[in-house]
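Dear colleague,

I am passing on the structure we spoke about, and I would be glad if you could look through it with the notes below beside you.

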Amino acid sequence: MNFSAQAKSGWGFTLQFALVVFSILAASKVVAKDGWIKLFNGRNLTGWTQKTGDAKFYVKDDCIIGEAVSESETNSVLCTEKNYTNFILELDFKVDHQLFSGVHIRGEYAGNKIRQVWKGVAYAVPAGNVYGYLVLIDPSPNHRWWTASLFDERWWSAGIYDERRRMWLYPGSLGGDPDDFSRRGREIFKSNDWNHLRIEAVGDSIRTYLNDVACARINDSLTTTGFIGLQVRDWISDDDHEKLEGAKVRFKNIRLKVVSADSSVAEPPPNPTTKIKS
């Protein structure tokens, strides 16, 4: 038996193993220093799962694409397999103008019918639905569903909605003037182009930014942790009169930074005390 050759072979394996470990540790230090986690690897949907709806989710050109297939009563949501509590989330999106979309944060899934009571009001969530905070992607100013008495045109991307529970929170029951929000949205939303969305969820504070402009802010603690979800809403603007099937929303550069509950990461919000008009 050639003990010298064995020793050399063993040494070579040990050296290779040490280099691998060192590389992993070095990479970990870089990630730890930067603090950002890539939620999407650019190649496949590893780490994500579709919980609801019939829309198609797939990867193409370094993007996650959500493609509508038909109109139905159930929205389609692609969700992270991990839950997150306090974080900053950033991503870029591009959406066909007739398709509504959104980003769930601290999302939850109702495997069975859920009943919640919040501040004396009961909310029932049907089985098979994702519910909770939704930062809306609202590309069509012609959409007037349930809000026609408030304004003529709506540009409410980066507004905060409570899916399957309280509906609009900002602009809505927790602040924000709908007309001011529409005027601001018209100025900052890029139709048929890429938009950058930033969401800060820290403790009971949720703040949104669209293309680096502060948009919405609420203080609310009904849901404190949950998954991130990419949504394809299964309806279109009342005035578009276009087929929903084949409409797409694209997401890329999806990253998240976990922060502590007492972090201060945001600038003062617009219209912090203005309530919705009645």
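Arginine 165 forms a salt bridge with aspartate 162, with 3.0 Å between the closest N and O atoms, and both arginine 165 and aspartate 162 are buried. Please keep in mind while reading that this is a predicted model.

A second pair involves glutamate 163, which forms a salt bridge with arginine 233, the closest N and O atoms being 3.1 Å apart. Glutamate 163 belongs to strand β11 (residues 160-163), whereas arginine 233 sits in the loop between β16 (227-232) and β17, so the pair ties together parts that are 70 residues apart in sequence. Here again burial applies to both partners, glutamate 163 and arginine 233.

In total, the structure holds nine salt bridges. Another of them joins the side chains of arginine 255 and glutamate 90, at 3.1 Å from N to O, and this pair links distant parts of the chain, since arginine 255 is in strand β17 (residues 248-258) and glutamate 90 in strand β6 (residues 87-95), 165 residues apart.

A polar atom of the serine 76 side chain lies 2.9 Å from the backbone nitrogen of alanine 55. Leaving aside residues up to four places away in sequence, serine 76 touches Gln50, Thr52, Gly53, Asp54, Ala55 and Phe57, as well as Leu230, Gln231, Val232 and Asp234.

Finally, arginine 43 is found in the loop between β1 (36-38) and β2 (48-52). Is arginine 43 buried or exposed? Its relative accessibility is 62%, and because this is over 50%, arginine 43 counts as exposed. The C-alpha atom of arginine 43 is separated by 7.9 Å from that of lysine 60, a residue 17 places away along the chain.

With kind regards

Key: Residues are numbered from 1 along each chain as its sequence is written. This is a predicted model: local features need pLDDT of at least 70, side-chain atom pairs count only at pLDDT 80 or more; totals for chains, interfaces and linings use all residues. Side-chain values use heavy atoms; hydrogens and water are left out. A salt bridge is a side-chain nitrogen of Lys or Arg within 4 Å of a carboxyl oxygen of Asp or Glu. Helices (H or I, at least four residues) and strands (E, at least two) are DSSP runs, numbered from the N terminus. Buried means under 20% relative accessible area, exposed over 50%, partly exposed in between (1.4 Å probe, protein chains only). A polar contact is a pair of N or O atoms within 3.5 Å; within protein, one must be able to donate a hydrogen and the other to accept it, and residues adjacent in sequence count only if both atoms are side-chain atoms. Contact means heavy atoms within 4.5 Å.
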